[in-house]
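Take a moment with the sequence and the 3D view before reading on.

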Amino acid sequence: MELRGYDAIVTLQSSASQLASSQDRRIKSAEEPRLDWWSIAAIAPAIVILVGFLLLFFYGVYQSLTDLRFGRPLVHFIGLNNYAALIKTEDFWNSIRATLVYSGSAVLAEAAFGLALAKLFATEVFLARVMRPVILLPLVLPPMSVALMWTTMMDPQNGIMNYLLSLVGIGRFAWISDPVTAMFSLVLIDVWTYTPFFALIIFAGLQGINEEVREAARVNGAKGLATFLHIEQPLIAPYILIAAVFRLIESLNQFDIIFGTTQGGPGNSTSVLSVRAYITAFQNLAFGRGAALMVVNWLIVLVGTFAMVKLWRFVRQRVS
Amino acid sequence: MRVNRSTPANLILNLLVGVCAFILAFPLIWILMMSLKQQAEVMTWPPTFLFSPTLENFRVLFDVAQAGATSYGTIKVDFLTPITNSVVIALGSVIVSLLVGVPAGYVLARRDIPLKEDIAFFILGFRFAPVLLVVIPLFSVFQTIGLYDTYLGMIWVYQVVTLPMIVWLSRSYIEDIPKDIEEAAAMDGAKPVRVVLHIVLPLLKPGLIGASLLIFLLAWHNFALGLMLSSTKAPVTVALLKLLNPGVQFYPVMAAGLVVTMIIPVILIVIGQRHLERGLTFGAVK
């Protein structure tokens with residue numbers, strides 16, 4: 001139990017920071033720091049494929065500086081004109097707002113519900129042990145299937161969701177077909193799908209907490225809530241944050257769920273950057289402009305990730 | 001952590017867990033029920049929970065010869081082709097990723113090469129690549145070199161999703177194998193290649209099967225790449241969206257399509273729950 005928790009923490013650290021834990025291993029094998037041909041041959045194909053994608057990425061950034069349109073042979077380098085044109089439009093700022101609202105509220109809600117779900121399943125009551133695989137269910141479904149599943153369930157005419165609401169006396173709710181409620185509905189779908197992700201990671205964190213620490217707290221007279229606030233919370237906070245980093249990146253890039261339900265509508269209410277970029281590039285055929293939108297999206301992801309990782313380092317230092 | 005609780009507390013906790021599990025499972029149960037209903041039964045208000053099940057919707061999905069002749073008007077669906085596409089692309093991606101990724105994972109776990117951690121981090125970074133930013137230039141490149149709408153092109157482009165995952169997972173599984181075993185074999189004079197083939201690979205097999213399940217799932221999930229880089233070779237997720245014709249809503253047929261795309265992941269949970277948990281949480285759960 002103790003050992004498993006330790007392992008989990010090491011893996012978590014290794015997947016986010018640059019593997020502080022491997023330093024002792026490096027010292028041990030310091031006698032043979034050589035580059036042999038076998039290793040190169042083994043790692044080269046993977047590197048070549050991935051560098052290929054990296055080049056495409058840079059090509060995409062370059063395209064955002066051109067006036068490339070599909071089906072037009074002449075391409076001009078126009079510098080930052082695409083970006084300059086974008087920031088003048090109301091739609092662009094609306095997309096940025098939609099992207100931030102969507103991922104911000106989804107990640108916050110998922111963290112809160114995920115913590116509750118993890119605590120609940122960590123009680124290890126009978127049903128918690130039996131129902132454990134159910135947590136995985138939303139995570140393994142294709143996001144597109146999830147999107148369409150909820151589209152049918154949220155049908156304002158005869159969807160099951162409105163029926164369930166009518167049972168508790170709430171009248172017809174428009175869900176994704178009304179600009180006012182569309183964003184809320186999308187966040188709800190995201191929360192249903194990815195709360196289990198937080199729950200699984202926080203669950204691993206809870207299992208890693210040494211039983212003796214809890215026992216000591218109890219002997220010293222700490223009650224349930226106090227144990228949670230002063231003992232558990234500082235220890236699982238890094239887990240919550242690392243899960244939040246992963247989810248923030250993915251939800252800022254979210255395309256499937258939004259494209260499968262509203263395609264950015266009704267009106268402009270849910271047109272996040274990735275959906276707007278798709279429509280600009282593949283429906284309006286303005287590839288340069290679409291690429292520029294994706295570069296902006298990528299910059300937001302980058303800034304968000306750096307902020308979260310900084311916060312995570314801070315929280316982890318507080319523990320150790 | 002087993003704590004002694006009073007019976008009422010236990011009951012309440014069980015009840016709460018039951019409610020959560022119900023919220024997570026109910027949409028799937030509802031869609032399964034819907035896929036077994038007639039169109040008229042789906043359109044009624046209030047929704048019906050009792051009905052006589054029919055397999056008509058699944059017949060409409062797969063019966064290409066009969067397409068157009070359904071009990072609720074004309075609908076032309078060819079669902080078998082996209083499913084075949086998805087299976088071919090996902091299996092192809094898994095095979096290519098295993099061949100290319102596992103050796104890389106081994107080197108990153110065991111050999112002391114320069115910039116090792118930087119390479120590992122670079123590879124993990126692709127898990128969060130803005131896929132659309134790669135696809136926009138890829139579209140022009142694929143059109144030029146003739147890879148647009150081919151299995152080969154699709155399998156290659158799916159590597160952006162599956163390859164980083166398999167490198168990362170196989171590395172973590174190899175690090176779980178005690179190094180002593182390899183060193184002992186090397187002491188006895190076995191060549192490095194023989195050590196890997198006869199000692200590491202057999203020990204790695206369960207982990208690799210789990211990792212393959214996971215990346216098959218990731219490939220099966222993908223929608224954006226198929227939407228933009230293929231038409232006749234489009235995966236099943238793209239075909240699903242086409243079932244939702246604006247105006248004419250054949251919800252039960254779409255529900256049947258959803259059941260088909262969701263049944264495979266659900267089977268995979270039953271086969272490899274632990275492995276999926278580990279993979280989906282990037283190794284936080286062991």
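How are H8(B) and H9(B) set to each other: roughly parallel, roughly antiparallel, roughly perpendicular or oblique? This is a predicted model, and the answer can be read from its axes. Helix H8 of chain B covers residues 179–187, and helix H9 of chain B covers residues 192–221. Their axes lie 10 Å apart, at an angle of about 140°. Angles over 145 degrees would count as roughly antiparallel. H8(B) and H9(B) are therefore oblique to each other. Their crossing is right-handed.

Which residues make this contact? H8(B) brings B:Ile181, B:Glu182, B:Ala185 and B:Ala186. H9(B) answers with B:Val195, B:Ile199 and B:Val200. By class, the contact of H8(B) with H9(B) holds 6 nonpolar residues, 1 charged residue and no polar ones.

H9(B) also packs against helix H4 of chain B, residues 80–110. Here the axes come within 9 Å and cross at roughly 140°. H4(B) and H9(B) are therefore oblique to each other, and their crossing is right-handed. On the H4(B) side, the contact includes B:Ile89, B:Val94, B:Leu98 and B:Tyr106. On the H9(B) side, B:Leu208, B:Ile215, B:Phe216 and B:Trp220 are among the residues involved. The contact of H4(B) with H9(B) divides into 12 nonpolar and 4 polar residues, with no charged ones.

Now step back to the whole of chain B. How many helices and strands does chain B have? There are 12 helices and 0 strands. Along the sequence, chain B reads as α-α-α-α-α-α-α-α-α-α-α-α. Its radius of gyration is 24 Å, well over the 19 Å that the globule rule gives for 286 residues, so chain B is more spread out than a compact globule. Along the principal axes, its C-alpha atoms fill a box of roughly 75 × 70 × 30 Å. Of the 286 residues, 47% count as buried. Take the contacts in chain B between residues at least 6 apart in sequence: 75% of them join residues at least 24 apart.

Chain B has a partner. In chain B, 80 residues are in contact with 82 residues of chain A. Helix H1 of chain B, residues 7–35, gives the most to the side that touches chain A, with 15 residues. That side of chain B divides into 61 nonpolar, 13 polar and 6 charged residues.

One residue shows the meeting of the chains from the other side. A:Ile49 sits in helix H3 of chain A, residues 37–63. Is A:Ile49 buried or exposed? A:Ile49 has 20 C-beta neighbours inside 10 Å, so it counts as buried. Leaving aside neighbours within four places in sequence, A:Ile49 is in contact with B:Val100, B:Gln159 and B:Leu163.

Finally, look at two loops of chain B. B:Leu115 is in the loop between H4 and helix H5 (116–125). B:Leu115 is not a glycine, yet its phi is positive, about 60°. B:Leu115 counts as exposed because it has 9 C-beta neighbours inside 10 Å. B:Asp149 is in the loop between helix H6 (131–145) and helix H7 (151–176). B:Asp149 is a residue other than glycine with a positive phi, near 60°. With 16 C-beta neighbours inside 10 Å, B:Asp149 counts as partly exposed.

Notes:
Residues are numbered from 1 along each chain as its sequence is written. Chains are lettered from A and ligands numbered from 1 in the order in which they are written. This is a predicted model: local features need pLDDT of at least 70, side-chain atom pairs count only at pLDDT 80 or more; totals for chains, interfaces and linings use all residues. Helices (H or I, at least four residues) and strands (E, at least two) are DSSP runs, numbered from the N terminus. The radius of gyration is taken over C-alpha atoms; the globule rule is 2.2 Å times the number of residues to the power 0.38. A residue is buried if 20 or more other C-beta atoms lie within 10 Å of its own, exposed if 12 or fewer, and partly exposed in between; C-beta atoms are placed from the backbone. Two residues are in contact if their C-beta atoms, placed from the backbone, lie within 7 Å. Axes are lines fitted to C-alpha atoms, for helices over the stretch in contact, and angles run from 0 to 180 degrees between N-to-C directions. Angles under 35 degrees count as roughly parallel, over 145 as roughly antiparallel, 65 to 115 as roughly perpendicular and the rest as oblique. A crossing is left-handed if the near helix is turned anticlockwise from the far one by less than a right angle, and right-handed if clockwise. Ala, Val, Leu, Ile, Met, Phe, Trp, Tyr, Cys and Pro count as nonpolar, Asp, Glu, Lys and Arg as charged, and the others, Gly among them, as polar.
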